[in-house]
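Visitor: Hello! Could you walk me through this structure step by step?

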Amino acid sequence: MKAAVVVFPGSNREHDVAKALERASGSAPKLIWHGDAGLDDKYDLIVLPGGFSYGDYLRCGAMAAHSPITRDIIRQASSGTPVLGICNGFQILTETGLLPGALMRNASLKFASRYVTMRVEATNTMFTSRYKAGQELSVPVAHGDGNYFADDETLDRLEDEGRVAFRYVKGQNPNGASRDIAGILNAKRNVLGLMPHPENATDPLLGSTDGKALFDSLASAIS
Amino acid sequence: MTEATLDQALEHGLSEDEWKRILRVLNRTPNFTELGIFSVMWSEHCSYKSSRVHLRTLPTKAPWVIQGPGENAGVIDIGDGQAIVFKMESHNHPSYIEPYQGAATGVGGIMRDVFTMGARPIAMLNALRFGEPDHPKTQHLVSGVVAGIGGYGNCMGVPTVAGEVNFHRSYNGNILVNAMCVGLAHTDKIFKSAAEGAGNPVVYVGSKTGRDGIHGATMASAEFDDASEEKRPTVQVGDPFTEKLLLEACLELMATDAIIAIQDMGAAGLTSSSCEMADKGGSGIELDLDKVPCRETGMTAYEMMLSESQERMLMVLKPGREPEAERIFQKWELDFAVIGVTTDTKRLVLKHKGETVADIPVTALADEAPLYERPWEEPKHPASLGAAPAPKDVGDALIKLIGSPDLASRRWIYEQYDTTIMGNTVQRPGGDAAVIRIDGTNKGIALKCDVTPRYVEADPYVGAMQAVVETWRNITAVGATPLAITDNLNFGNPQRPEIMGQFVLAVRGIGDACRALDFPVVSGNVSLYNETNGQAILPTPTIGGVGLMADVSRHASVAFKAPSETILVIGQTKGHLGQSLYLREMHGREEGSPPPIDLKAERRNGEFVRSLIAAGHTTAVHDISDGGLLVAVAEMALAGNIGAELHLPAEATPHAFLFGEDQARYVLTVSSTMADRIVAEAAKEQVPALKVGATGGAAIVVAGSQIPLSRLQDAYEGWLPKLMDAA
C-alpha cells in the first residue's frame, strides 16, 4: 500500500492514523505537507487526518477545502482513488463537496471526548469489508463539530443507496447527528468520511481494537 | 526622555523602597519605559521576591535529575537517552476575570515552557479550585475554564489526562487554575535560555505583538477588589492554532544545531525573555524595537516591552544560520524577525525610532531585584477533634459523600478534553494517576497532581507533606516508581504574617516529604495575592508528580475485575476523622487536625504495593484518600460494576473505620488463594495488611447496610451535570 496522509496547518492526528496504517499494511504512509509540490498519482490511498486545520477558523474544514492540494485530492477521488477523512478530514470532505451534508456544532455545544458504540451499516466497501454487517464497535470520538446534518432528501438517498457506513447505536450519539449518522460514503463508494477515530482503537493496551479492521480492510483491498 | 516619578512607580505596583532601589541601582532616574521594565521584572510574579529565600531550601537533586528549578521547566532522565520535561504553572487571576481566555492561555503558556526546552508535549494535567457550587459565579467559571483548557489543549493535539477539582467558599473570589505540561525530549537535545556570547542574532518568532496583556504580571501580583473585573483588558487572548504552528516550527528548527538559546515570551513578554536570557548567559542584549512585528500601528516602546501577547518566542541563533531558520518559520507561516544582537556590555539596550529608549544593567533587573524575608507567624493549630458522631445509616452517608462536590465524578469535565490523541493514553482520567506509554517503547510514565487544601489550612506543614505523599501514593498505585515533582504554590497576601506563615511551613513540609521519599522538586511556580477584599484562599500548594514504569502493560487500575476476589487494606486504619470529608459533608464541620503523616510508613507501604503490582499479584489497586476506605471501595466497585461485601474488625468504630482519612493506605484486590500469602509477606515487611471483604454482587454490603451500585452511580455521576446544566 502506498498511502498519503495530507497534513494541513493545524492537523494533529496524522501520526495516529499513520501508525494504524503501518500496523495494518506493513508500510508507513507518506506524510505530505499541504504546501509542498502537490499530490501526484502514485498514491493508492489518500487520508485526511483529524485536527483543527487552520484552527477551525471561519468554519471547520472550510479553509483546507480551498488549499491547492485539495484540488489534487478532488481530482483523484473522482478518478477512483480511495479517500478516507476522519474527524476534521470528514469536515474537509463535506466542505469540498466530495461528501454531501455538513458537520455542525455538537448539540451539547461542548467538545465530546469519549468512547462511543457505533454499528457497521455497510460492509460492501473497501473500508469495511473485514467487518460483519451490524457489528458494534467501541471507538473514541473527540470533536466539537460532529453533528451531521443534511436535508431529508439527501438523508433518504444516503440510506437508500446504502451509503451510511457507520451509525451510533441508540443512546450513544455524542453530537446530535441526524439519524445517528457517524460516517458516510460517496456514490462511488471510494470516499469515506467519519467522525469517530478508528485509528485510536487499534492497540489492545489502550482498551479497544475495534478500529483495526477498517485499516485491515483497506490493506487487503489495496495491496 | 522624560523622567518617571514616584507616583508612577506606585501605580505600577512598586513600593516607595523599591523606587528608591531603582534610583540607586541605576544611579539616575529611570524614564517611563525603564520604569515599566523594572515594575514587571520586580513584580512578585517574575521576581519571586517573597518566596525565593524559602524555595531555596527545597531538595532539587537526584541522580535522575537533569535540570532542576531555574530553567523554563524541570528535566528528568527516564533511560534510553530519553528525558521527561515538565512544569506546572498557575493562571489564577486572569481565569477569574475571563475564564475561557485565562485558562486557555494558561495552558498555552505552560506548553511553551516545555517545548522551549526541546520537548514535544505528550500530556496535560490541571488542578482547579472553584468557589461554592451554588455561588452565582461558579457555574460560569467552571464552564469557561473547562472550555478554555479543552479549547487550547485539544487544538494543540496533546491529550489532557488527569487532574483534580475542589469546590470551597474560600475560592469564591479567587479561583485557581493550575496547568501542568509533560513533554518528551532526548537527553542530548535539551535547550536552555542562556544567551552566551556576543554578536549573535536575537530573533523574534511567532505571533505579532499587540496591546493585550500589558501589566498582566503586575495584576497577578496584587489582591483583587470589587473593581477587579475592570482588569479584563489585561487578560491575553489565546490562539492555539498559532501555537501549534509555533510548536512544530520550533521542534523542526531544534532538529538542527542553529539555536544557542531560546526562551518563551510569557509573563512580562519581551522584557523578561530578553533580560533572563542575557542574565543567564552573562551577556547583554541590544534590541531594535522598530523591527518587532506589531499587530497594531503606533505601539510605543513601553507597550512593546510590556505586552503579553501569546504564542511568541525569543531565540539567539548562531551567526549565519538566520536564513535556514527563517525558511522553517515561513513554511509554518509565522513571523520571523531579527530584532537585535547579543553584546558583551551586560546591559539591556532598547532603540526605537533612532533613539535609545532604555539602557539598564541586566544584573540590576535580575540579581538586584528585591528579596524579602517577610515576617511570618506560626498559624494557630486547630483543637483536636473529640469523638465524631456516627451517621444514622452508613449507606446513606456513603451516598451523600460520593455525590458531594469534592468526590462526585468529574466526567462532565474530562469528556471535554481530548484524552486519546497521540495513541499512548493507557489510563485515562478517573483512575489514581494517568498512565502514558512512551511512544515506541514498553515504558510508561504515571502522572498526577494533588493537594488537600483543607488539611493545609488546618496545619500547613502536615498538609503540604500530605500533598506530596498523596501524589506519590497515586503514582505508586498504578505501579510506577515516583521520580520527581513540580509544585504550584497558591497562597494569599504574603505581606500578612499569618499567610506568610502558611507559606513558610508548607514549603518546609514539601521539602521534608520530598527528602524522605527521594522525590525532588525540579520546577515550580508561586502564585501569591490570591485574595479578594482581604479574604484569602485556602492555602493550596499543588503538587504534580511524574513516575516511571519499565513495563507499561503491568500498570494497575482501580476497577474491580472479577467477583469473589479478596479485598485487602494495606496500611494502618486508626479512623482519623479530623478535617475529613465525612465530618464536613455529614456534619457541616471543618474541624480538627489533618491526618498525621508517617513518611517511613508511606515509603514502606508504597514500596510493598508496588512490588505486588510488579509481580502481577494484584487485580485492582486504589489509594485511600478523601472520604476514606468506603469511598475508595465504592469507586472501585463503580469502575468495575461489581459490588463488594465488607467485614469490619470487631474492635473498629464503623464510621471511623470506613470514613477516616488515615494516610499511607491502599485498597487492593487479589485472588482469594493469594490473600493469606500476601498478608504474611506484608507482616515480614512490617506493612499492615488486613482482609476486609470480597468482591461480588451488585451492591456494597457493609455495617448492616446494603447500597445498590445503581444508587451510588446516580449520586456519583449525577452531581456535576446537575450543577452545570441547571442554567
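This is a predicted model: local features need pLDDT of at least 70, side-chain atom pairs count only at pLDDT 80 or more; totals for chains, interfaces and linings use all residues.

**Strands, sheets and helices**

Visitor: Which are the edge strands of the seven-strand sheet in chain B?
Guide: This open sheet has mixed pairing and the order S23-S25-S22-S26-S24-S27-S28. An edge strand here pairs on one side only.

Visitor: At about what angle to S28(B) does helix H15 of chain B run?
Guide: Axes are lines fitted to C-alpha atoms, for helices over the stretch in contact, and angles run from 0 to 180 degrees between N-to-C directions. Contact means heavy atoms within 4.5 Å. H15 (residues 394-402) lies across S27 and S28 of chain B, and its angle to S28(B) is about 35 degrees.

Visitor: Is B:Gly395 buried or exposed?
Guide: B:Gly395 is found in helix H15 of chain B, and it touches B:Ser705 and B:Ile707, not counting residues up to four places away in sequence. On the scale used here, buried means under 20% relative accessible area, exposed over 50%, and partly exposed in between (1.4 Å probe, protein chains only). Its relative accessible area is 4%, so B:Gly395 is buried.

Visitor: How far apart in space are B:Gly395 and B:Tyr716?
Guide: Along the sequence, these two are 321 residues apart. In space, C-alpha to C-alpha, the distance is 14 Å.

Visitor: Which are the edge strands of the six-strand sheet in chain B?
Guide: This is another open sheet with mixed pairing, in the order S14-S15-S16-S21-S17-S18. The twist averages 20 degrees from one strand to the next. The strands that pair on one side only are strand S14 (425-427) and S18 of chain B.

Visitor: How many residues of strand S18 of chain B are buried?
Guide: Strand S18 covers residues 521-527 and is joined to the parallel strand S17 (residues 481-490) of chain B by six bridges. In that pairing, B:Asn525 of S18(B) stands opposite B:Asn488. S18(B) is mostly covered, and of its seven residues the number buried is six.

Visitor: Which helix makes a β-α-β unit with S17(B) and S18(B)?
Guide: The unit is right-handed, meaning that, with the strands pointing away from the viewer, the path from the first strand over the helix to the second runs clockwise. Its helix also lies across S17, S18 and S21 of chain B, running at about 175 degrees to S17(B). It covers residues 497-517 of chain B and is called H19.

Visitor: Are H10(B) and H13(B) roughly parallel or roughly antiparallel to each other?
Guide: Helix H10 (residues 240-254) and helix H13 (residues 322-331) of chain B pack with their axes 9 Å apart, at an angle of about 155 degrees. Angles under 35 degrees count as roughly parallel, over 145 as roughly antiparallel, 65 to 115 as roughly perpendicular and the rest as oblique. H10(B) and H13(B) are therefore roughly antiparallel.

Visitor: Is the crossing of H1(A) and H5(A) left-handed or right-handed?
Guide: The axes of helix H1 (residues 14-25) and helix H5 (residues 212-222) of chain A come within 8 Å and cross at roughly 55 degrees, and the two helices are therefore oblique to each other. Residues making the contact include A:Val17 of H1(A) and A:Phe215 of H5(A). A crossing is left-handed if the near helix is turned anticlockwise from the far one by less than a right angle, and right-handed if clockwise. H1(A) passes H5(A) in a crossing that is right-handed.

How values were computed. Residues are numbered from 1 along each chain as its sequence is written. Chains are lettered from A and ligands numbered from 1 in the order in which they are written. Side-chain values use heavy atoms; hydrogens and water are left out. Helices (H or I, at least four residues) and strands (E, at least two) are DSSP runs, numbered from the N terminus. Two strands pair if DSSP finds at least two bridges between them.
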